[in-house]
Amino acid sequence: MAAPQLPLLPRTVAQAHQARHVLTVPGDVELDEIEVLALSRFSATRWDVVPAGILPGNVAGAPQVRRAQGKEVGVLRVSRHAVMNGPYQPAGEGFDLGVPPGAEMAFDIVCHRERGEVPFPAGDRDGIGRAFAAGMPEREERRLIEWLVSVARRLGGSLRLDVGGLWDAPGGPTAKPGAGVVLTPDAGAAIDMTVYSDVWLDPQAALTILQKVHPRARLHMEGKEWGGPPRGIADKPLYPGDPLDPELRKKLHAAADDYDIKALTGPRVLDGYGLIVDLDVDGIVSVEISGEERLPRLLRGLPWAEQGAVRYWVHWEPQDLVESQREFPSMELRVARKRAAELVARLAGAVHAAAGGEIADEDGFLVDPSDL
């Protein structure tokens, strides 16, 4: 059970134009973990009220931030219109939260309600469409929901989504306990990892490193010879009724030909390559190497990443892509995914050991190499 000093989750927190969602997590989660995961996704993250359990030195601008008093909970603002209140006990004032066992802390999230079209009937891997069958969240609420799913997956927690207007009903018989859909994201569903580094491993070096992890790793750099554009293309209009002057068209094609010839006859510049490991019935694990300028938010201030980084994306592609995107996939898919996840982690660890940098999971959260 939750620590007795935490207050119960209140019945009413949202206004008519707002949506309310609840995140529950196990008791071993530290409050600053929630803050770091918010900073990983939202640049405006800040504590409006700092809860007990966070040291003053761990809060930016701590002397200017108000600290919670008595049984007051913290208020973490993740955007202009979205706040996370907590921690509370995973139980409400007169209602049952209805989440799976193991929850010891709850966080109340309030944001603007922004809904659009009904979801596709095929569903989605995380169950968001099931939770919002009447209309999918859009814009800021969509970004917040996707982040909450990622947080619950990372921390082993659960969500009860879209509870506003049900628990918030005033008192007694009009209140509906157990409102909203419960999601418990499967931690095994997101297995891809990315290593960001300032070190470029040439193809042979990368191959040597990965073959030590799996002997079937091989370079995947085959291309096809290009014979140039079709003959006579410079004499033909781009489309029926093309008003371009025929002589100007020929000059443009000639200039393009000169550019292509220069590129094809000049020194070969390798700006990306890939390696694959064929796992037979379990699918394929690939490692794609390229430059990347859009980095996870927590890496953008690091000196070595100011101009971008080298991206080593370790990705699993199953034989059945449709099955892999189901909220409740078959046992065969889950077994294959578990085996692939173990290899993905080992490959990412080997690349990190050789190239350094940082490792991010599929949701963009940083991963400690020792946790692999």
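How exposed is Arg 339?

Quick housekeeping. This is a predicted model, so local features need pLDDT of at least 70 and side-chain atom pairs count only at pLDDT 80 or more, while totals for chains, interfaces and linings use all residues. Residues are numbered from 1 along each chain as its sequence is written, and side-chain values use heavy atoms, with hydrogens and water left out.

Eight strands make an open sheet, ordered 3-2-4-5-6-1-7-8, and the pairing is mixed. At the edges you have strand 3 (66-67) and strand 8 (181-183), each pairing on one side only. When I say strand or helix, I mean DSSP runs numbered from the N terminus: H or I of at least four residues for helices, E of at least two for strands. And two strands pair if DSSP finds at least two bridges between them.

At the strand 8 end, strand 7 (residues 158-161) pairs with strand 8 in the antiparallel sense, over three bridges. Leu 161 has Val 181 in strand 8 as its bridge partner.

Helix 1 (residues 31-39) touches strand 2 (46-50), strand 4 (74-79), strand 5 (82-88) and strand 6 (105-112), and its direction makes about 10° with that of strand 4. Helix 3 (residues 139-155) touches strand 1 (18-25), strand 4, strand 5, strand 6 and strand 7, at about 10° to the direction of strand 1. Contact here means heavy atoms within 4.5 Å. Axes are lines fitted to C-alpha atoms, for helices over the stretch in contact, with angles from 0 to 180 degrees between N-to-C directions.

So how do helix 1 and helix 3 sit against each other? They pack at an angle of about 135°, with their axes 11 Å apart. That makes helix 1 and helix 3 oblique to each other, oblique being whatever is left once you take out under 35 degrees (roughly parallel), over 145 (roughly antiparallel) and 65 to 115 (roughly perpendicular). On the residue level, Glu 33, Ile 34, Leu 37 and Ala 38 in helix 1 meet Trp 147, Val 151, Arg 154 and Leu 155 in helix 3.

Now look at strand 1. Eight of its eight residues are buried, where buried means under 20% relative accessible area, exposed over 50%, and partly exposed in between, using a 1.4 Å probe and protein chains only. Both faces are covered: Gln 18, Arg 20, Val 22 and Thr 24 on one side, Ala 19, His 21, Leu 23 and Val 25 on the other. Strand 1 runs antiparallel to strand 6, joined by eight bridges, with Met 105 in strand 6 as the bridge partner of Val 25. Strand 1 also runs antiparallel to strand 7, over three bridges, and there Thr 24 stands opposite Ser 158.

Arg 20 forms a salt bridge with Asp 108, closest N and O atoms 2.6 Å apart. Asp 108 is in strand 6 and Arg 20 in strand 1, so the pair ties together parts 88 residues apart in sequence. The cut-off for a salt bridge is a side-chain nitrogen of Lys or Arg within 4 Å of a carboxyl oxygen of Asp or Glu, and by that rule the count comes to 22. Asp 108 has a relative accessible area of 0%, and Arg 20 has 0% too.

Another buried pair is Arg 153 with Asp 126, at 2.9 Å between the closest N and O atoms. Both belong to a salt-bridge network that links Arg 125, Asp 126, Arg 153, Glu 362 and Asp 363.

Strand 10 pairs with strand 11 (residues 272-278) over two bridges, and Arg 218 stands opposite Ile 276.

Arg 339 is partly exposed, with a relative accessible area of 43%. Its salt-bridge partner is Asp 282, closest N and O atoms 2.7 Å apart, and Asp 282 counts as buried at 9%.
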